[in-house]
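This briefing sets out the domains, sheets and helix packing of the structure shown below. Points are grouped by topic for reading beside the model.

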Amino acid sequence: MAYAPPPSVPRRGAATPDRGVVFRIRRCDGPGKPSYWQEFEVAVPRNANVISCLQQIAANPVTAGGARTTPVVWDAGCLEEVCGACTMVINGRVRQSCSCLIDECAPREGDVVTLEPMGKFPVVRDLWVDRSRLFHGLARVRAWVPIDGTYDLGSGPREGPATQAERYVLSTCMSCGCCLEACPQFNLEPDEGRWETAFIGAHAISQARLFNEHPTGSQIKGERLDALMGPGGVSDCGNAQNCVKVCPKGIPLTESIAAVGRSVILHAIARFFRG
Amino acid sequence: MSQHRVIVVGGGLAGLAAAARVAEAGLPVDLFSVVPVKRSHSVCAQGGINACNDVARQQGYSEYEHFDETIYGGDFLADQHPVLEMTNTAPRIIDLLDRMGVPFNRTHEGYRDLRLFGGSLFKRTHFAGATTGQQLIYALDEQVRRCESEGKVAKYEFWEFLRPVVREGRCVGIVAQDMRTMQVRAFRADAVVMATGGCGMVFGKSTNSVICTGAAAARCYRDGVWYANPEMIQVHPTAIPGADKLRLMSESARGEGGRVWVPRRPLDERAPRDIPESERFYFLEEKYPAYGNIVPRDIATREIFDICVNQGLGVNGGNQVYLDLTHKDPEVLSRKLGGILEIYEKFVGDDPRSTPMKIFPAVHYSMGGLWTQFTRGSYAPATPLPKHRSASPPPIDARPGQGMLPGAPNNMMTNVPGLYAFGEVNYAYHGANRLGANALLSCIFDGLFCGASVVNFIRNDAPAGNPAADLPPAEFDAGEKRERERMNALLGTVADGRPDEPATNPYAIGKELGDEMTAACTVVRTGPRLEQCLRRLGELGERFARVKLADAAAWSNQSFAYARAIGDMLVLAQAIARGALERRESRGAHYRTDFPDRDDATFMKATVARCDARGVTSVALDPIDASLIQPTARTYGKKDDRKDPGKAAPAAARA
Ligand SMILES: Cc1cc2nc3c(=O)[nH]c(=O)nc-3n(C[C@H](O)[C@H](O)[C@H](O)COP(=O)(O)OP(=O)(O)OC[C@H]3O[C@@H](n4cnc5c(N)ncnc54)[C@H](O)[C@@H]3O)c2cc1C
Ligand code: SF4
Ligand code: SF4
Ligand code: FES
């Protein structure tokens, strides 16, 4: 799979009439069922995105060959690239389907748009995959600030704008999984029992950095580094840097991996001397 | 005796805050959501969250003024005591979020930065970039994940709430369905908290997420829970028109200095930058010199609507006006508004730092919702006070318990004991119009403050000696059975017809529902049009009874779930239209051209909708708690003498 950098947004002029675009969709009726391809032709208005085309297909599920079929199933929420739900592989590149404009992924008449489910997560149905493992990764690195409780105890630590800016970027991770889909070290693992030791992926390593850098969050830094020291931790990263290229939020994942890698080494040395 | 449990339906800000608070008190929580909670609609909130703060306080602002603004902004329809408690609690909520690690924007000295928002003359809105909702929900999601890993919360994600289970008048659980396996199952609980958010999808396209169908609230309503002020639907003045969604352009764009204008000459075809200042009509600034571009939403919406629809002054003659930030420093814009400017750039293709944005109003928020109760706090002036003079000393301090009694079991409980409603799904705080950046506050406030009420209800009230786990199975089995029958009936429609027939296609019915509600029940309403709308809803209901699906699969069947929700949304739509028809006045977001004035004598009351066994709505007016502030005319210092733009004669008649 080739992962091109995100294309720049082309200028669009006044509205033009709808044009026909063919969608080639890899479908699957459920876990353990074989996958198959179907094509749909959709009349696409200007500024349409992939989701609005899927909505058309759902309302009128007829293939390009004129055969009736079932509506294609997919996952979506915000429709403005902030919830991460609608992630899929479009023309070979993993990205959010809501922010994928047709004028951008199929600019010319006769272009075909290929839609596939993410390959690193088990398919539920069609384009909908089960990303529970991603959230499991967050629990694995204790991606939270261990506060004393929700009662009134005054404000949090003061923070300069530079630190805030750094934390804010890390904190925009929407758990979409693009970085996992693109990573050569992260593989499909349907067996939940192995999630604790399989490679955790860039998103969770970056979250560990986020919370390690917070004054209260750093209180359990050791636990996070323990989790990232063992099998499936930061040393499993092969430094291929695919993750950072596909992250839609521009999160500096390789910086995070490097930072956590250094902390893990220091942590390991300290533990060695403590015995 | 078995252990007590709490069910929270919905994992947005309200549901997560409730789950954290209840779990912390030692009661196990089952948390249901149609999406992984981290992807809930709350992530969409951009602008910020309001609270009195040290800087504003030293300029004369107070929690009390925040309270006064909220009541005035809501056009005197909200019960006043709960709002007082919310605004008094707000600064402590910000502190808590700060402790959870929310990356609030900072000043050079490291304090929380503030921005200006609609309906206030003080900077009292805290923000984290232009994705405040995302940052707040992530902080709560992280805390709840922590509870989950400690075994205090169990998540049921991709589970859809179908109905409450009520036994002898008390809510003792829910029926829900796994959206993947389609298993229908009853769950027992000693209290159920509905935190299922708003209903934007009833209007087809809105600023809401696609999951904001309102179906969960509709299912409660159908089963006997009252629904209050359904007609109060907020239309946000500034959204980006789109084929699948009307994406919000946050009020913070105006708070940071964005100016709304149109060319003075109709159909002026020049590029915006070629139009000199003198030929631009900054209509909000001219009419409202004090508030200018940050007048509250309903007013801005009607003015924009008036400019485009009545005066024909929309940009290029269309339904759009400019929202202009190009006079601001691009670097500051990127730092403070980066997220929302990117949305515009991504979906429209122009850079708002150099080209004015084109925007138009869109359905945004439901002030109405499930009817809830509360116990008044200690503040009881002899007579309601006149409107608070801005920056004058407040009559009371902000100690807890003056607005609502902390821990009272009925705080935000519906008319069904044991069934609560928190967040956007209730009607409690925003009256006839919500102020920007007050929703996130009300959601988290509900979860935290009223979460304690849930705990007390269980420990001291009906469930105390009689946990739901020990009840006989009859009602649970019956609930499951009814939902299975409903499912099988819908799935059974596949074999016998052509689903692409528009008359019976669920997507076609859904689209027509949205179009009709947008046309009849948004910015401008009239009696005859609302009556027509109710007839149309009746027809759509009849068509829905004959709906045909295209997919009979008993596995992850999305179009089935969509169709089922449409059936429930139709019931809610009826309540919205009926409420709008019966409220023969104009107040806040509800604007009737045939009754353009506010009528406090008759209508300073809550519309309470009740649904009978056949799904038919009837409404009554219930008194509200207006014991703290006297109502005044809500003018926002408007300059010209026309009462309201919607009343204006069409452009042609005046020219
Ligand atoms: C674009 C946009 C921007 C906004 N910006 C701001 C802002 O800047 N400041 C502000 O104060 N407010 C803002 N608001 C309003 C605010 O975001 C919402 O009112 C608030 O987030 C609602 O939170 P909630 O917890 O009530 O519900 P939601 O966040 O909508 O969560 C609802 C939950 O219920 C679940 N659910 C729904 N139905 C079911 C069902 N049948 N079964 C099971 N689970 C179900 C969902 O999965 C979800 O977890 C904005 C709103 C929009 C649309
Ligand atoms: S740098 Fe590491 S985490 Fe990122 S893609 Fe490469 S192997 Fe995966
Ligand atoms: S790090 Fe980026 S690509 Fe990975 S899950 Fe987060 S937002 Fe998605
Ligand atoms: S639907 Fe939320 S990211 Fe696309």
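This is a predicted model: local features need pLDDT of at least 70, side-chain atom pairs count only at pLDDT 80 or more; totals for chains, interfaces and linings use all residues.

Which residues in α13(B) meet which residues in α15(B)? On the α13(B) side they are Pro506(B), Tyr507(B), Ile509(B), Gly510(B), Leu513(B) and Met517(B). Their partners in α15(B) are Ser559(B), Tyr562(B), Ala563(B), Ile566(B), Met569(B), Leu570(B), Ala573(B) and Ile576(B).

**Helix packing in chain B: α13 and α15**

- By class, the contact of α13(B) with α15(B) comprises 12 nonpolar residues, 2 polar residues and no charged residues.
- Helix α13(B) covers residues 506-520 and packs against α15(B) at an angle of about 25°, the two axes being 10 Å apart.
- Because angles under 35 degrees count as roughly parallel, α13(B) is described as roughly parallel to α15(B).
- The crossing of α13(B) and α15(B) is left-handed.

**Helix packing in chain B: α12 and α15**

- Helix α15(B), residues 558-582, also packs with helix α12(B), residues 474-491.
- Here the angle is about 110° and the axes lie 11 Å apart; α12(B) and α15(B) are therefore roughly perpendicular to each other.
- The crossing of α12(B) and α15(B) is right-handed.
- From α12(B), the residues Arg486(B), Met487(B), Leu490(B) and Leu491(B) meet Phe560(B), Arg564(B) and Asp568(B) of α15(B).
- Sorted by class, this contact of α12(B) with α15(B) has 4 nonpolar and 3 charged residues, with no polar ones.

**Helix packing in chain B: α4 and α11**

- Helix α4(B) (residues 80-99) and helix α11(B) (residues 439-460) cross at roughly 90°, and their axes come within 9 Å.
- That angle makes α4(B) roughly perpendicular to α11(B).
- The α4(B) side of the contact consists of Pro82(B), Glu85(B), Met86(B), Thr89(B), Ala90(B), Ile93(B), Leu96(B) and Leu97(B).
- The α11(B) side consists of Leu441(B), Ser442(B), Ile444(B), Phe445(B), Leu448(B) and Phe449(B).
- In the contact of α4(B) with α11(B), 11 residues are nonpolar, 2 are polar and 1 is charged.

**The parallel sheet of chain B**

- Strand β2(B), residues 29-33, pairs with β6(B) in the parallel sense over 5 bridges.
- Within this pair, Ser33(B) stands opposite Glu157(B) of β6(B).

**The mixed sheet of chain A**

- In chain A, 5 strands form an open sheet in the order β2-β1-β5-β3-β4, with mixed pairing.
- The edge strands β2 (35-44) and β4 (93-96) of chain A each pair on one side only.
- Neighbouring strands of this sheet are turned by 30° against each other on average, direction ignored.
- Strand β1(A), residues 19-28, pairs in the parallel sense with β5(A), residues 112-116, over 4 bridges; Ile25(A) stands opposite Leu115(A) in β5(A).
- The pairing of β1(A) with β2(A) is antiparallel and runs over 10 bridges; Gly20(A) stands opposite Ala43(A) in β2(A).
- β1(A) and β2(A) form a hairpin with 6 residues between them, and Gly32(A) in the turn has a positive phi of about 80°.
- Helix α1(A), residues 50-59, lies across β1, β2, β3 (87-90) and β5 of chain A and runs at about 100° to β2(A).

**Domains of both chains**

- Chain A is assigned domain 1 (19-129) and domain 2 (132-274).
- The C-alpha centres of domain 1 and domain 2 of chain A are separated by 31 Å, and their contact takes 14 residues from domain 1 and 15 residues from domain 2.
- Chain B is assigned domain 1 (6-232 + 367-470), domain 2 (238-363) and domain 3 (474-602).
- Domain 1 and domain 2 of chain B have C-alpha centres 31 Å apart, and their contact takes 26 residues from domain 1 and 27 residues from domain 2.

Terms used: Residues are numbered from 1 along each chain as its sequence is written. Chains are lettered from A and ligands numbered from 1 in the order in which they are written. Side-chain values use heavy atoms; hydrogens and water are left out. Two strands pair if DSSP finds at least two bridges between them. Helices (H or I, at least four residues) and strands (E, at least two) are DSSP runs, numbered from the N terminus. Axes are lines fitted to C-alpha atoms, for helices over the stretch in contact, and angles run from 0 to 180 degrees between N-to-C directions. Contact means heavy atoms within 4.5 Å. Angles under 35 degrees count as roughly parallel, over 145 as roughly antiparallel, 65 to 115 as roughly perpendicular and the rest as oblique. A crossing is left-handed if the near helix is turned anticlockwise from the far one by less than a right angle, and right-handed if clockwise. Ala, Val, Leu, Ile, Met, Phe, Trp, Tyr, Cys and Pro count as nonpolar, Asp, Glu, Lys and Arg as charged, and the others, Gly among them, as polar. Domain bounds come from an automatic or database domain assignment.
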